[in-house]
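This report describes selected features of one protein model, namely its pockets, a helix pair and a sheet. The sequence and structure are shown first.

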Amino acid sequence: MIFQKTIRNKTTFSGIGLHTGKTITMTVRPADAGTGIVFHRVDLSPAVSIEAKATNVVDTRLSTTVGNAGGTVSTIEHLMAALFAAEIDNAHIDIDGPEVPVMDGSARIFAEQFAQVGVQGLSKARRFLVIKKSVTLTEGDKKISIHPARRYQISFDLQYDHPVVGHQFHTFQFDPKHFGAEIAPARTFGFEKEFELLKSHGLGRGASLENAVGISDEGILNPEGLRFSDEFVRHKILDALGDLSLAGFPLIGHVKALKSGHDMNNKLLREVLNRPDCYEITELVRPAANTQFIPELAWLEA
């Protein structure tokens, strides 16, 4: 049997919010089995607790925001992806502001710190959401779908009418051992000509070349350049991993996305959860040592 996990000891992050521009401190601490991931807005009186789940998503403009009882926490996707990749099913997150700190614009710092702190096994079985029938959503030229598969995989087709980005495609077969090197370091990105527009809408106030890849008509603005030649599409996969972790269970299925973003990621989850004939929630039993393990689920040995 595969058991749920929590973080071994509490760990704290501090940094600026990408959109609010506020300095925020956040502490991730252990939680009991069955708790899930819960944010606590400790700066509010009384404090507001918000479960990180698809039905609590209240905004998807350029990030994913969850809310409850008048409190919200935005830009949760990079943190959620790192928690998922660390196989942390349960955690309390005390946060003293309305937005998760952006750190370097990726999930790398979160992932490295979780690896350093470690995880603790719990006594309750981990359950998985296994896709049984395909579900597809289309909006204009955007499309996202999830299909039955023997493991969790995301294939993303990114297309921008911009010479620096252009057309990028990448597939990531989920494996926590590879997440830290292949997906976690991919940074959020934005276009120079849109920056002032974002600020006029109260967004992007904390954005800088220290926490995002800046793109002009001529090229990349960051002096250090890109971390991957296809960093943009890898970041989209990072976002999708975080957004789709709000299912509340690890997914077993193949996600295929074309020009998708936070909004369609959340809509896909809600559509799946509203169609119980398309999935089942099940425990996966680890085979005995003398039997051959299913290669597609080899990451479960971690």
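By class, the residues lining the second largest pocket comprise 13 nonpolar, 9 polar and 8 charged. The model is a predicted one.

**Pockets**

The second largest pocket has a volume of about 650 Å³. Its lining is made up of 30 residues, and those nearest its centre are Gly-36, Asp-89, Ala-247, Gly-248 and Phe-249. Three elements, helix 1, strand 10 (119-125) and helix 6, each supply at least two residues of this lining. Helix 1 gives the most, with 3 residues.

The elements giving two or more residues to the lining of the largest pocket include helix 1 (77-85), strand 14 (152-159), helix 5 (231-244) and helix 6 (262-273). Strand 16 (189-191), helix 4 (195-200) and strand 17 (213-215) also belong to this group. In the lining of the largest pocket, 16 residues are nonpolar, 15 polar and 10 charged.

| Second largest pocket | about 650 Å³ | 30 residues | 13 nonpolar, 9 polar, 8 charged |

**Helix 5 and helix 6**

Two packed helices are described by the angle between their axes and the distance between the axes. For helix 5 and helix 6, the axes come within 9 Å and cross at roughly 35 degrees. The crossing of helix 5 past helix 6 is right-handed. On the helix 5 side, the contact involves Asp-239, Ala-240, Asp-243 and Leu-244, which meet His-262, Asn-265 and Leu-269 of helix 6. By class, the residues of this contact are 3 nonpolar, 2 polar and 2 charged.

Strands of a sheet pair through backbone hydrogen bonds, either parallel or antiparallel. The model contains an open sheet of 3 strands in the order 6-7-8, with antiparallel pairing. Strand 6 (57-59) and strand 8 (71-73) are the edge strands, each pairing on one side only. From one strand to the next, the twist averages 45 degrees. Strand 6 pairs with strand 7 (residues 65-68) over 2 bridges in the antiparallel sense, and Asp-59 stands opposite Thr-65 in strand 7.

Key. Residues numbered from 1 in each chain as written. Predicted model: local features only at pLDDT ≥ 70, side-chain atom pairs only at ≥ 80, totals over all residues. Heavy atoms only, no water. Helix = DSSP H or I, 4+ residues; strand = E, 2+ residues; numbered from the N terminus. Nonpolar A, V, L, I, M, F, W, Y, C, P; charged D, E, K, R; others polar. 1 Å grid on protein atoms, 1.4 Å probe; cavity = no way out; pocket = protein on both sides within 12 Å on 5 of 7 lines; lining within 4 Å. Points joined across faces, edges and corners; volume = space filled by probe spheres on them. Axes fitted to C-alpha atoms, helices over the stretch in contact; angles between N-to-C directions. Left-handed = near helix turned anticlockwise from the far one by under 90°. Contact = heavy atoms within 4.5 Å. Pairing = 2+ DSSP bridges.
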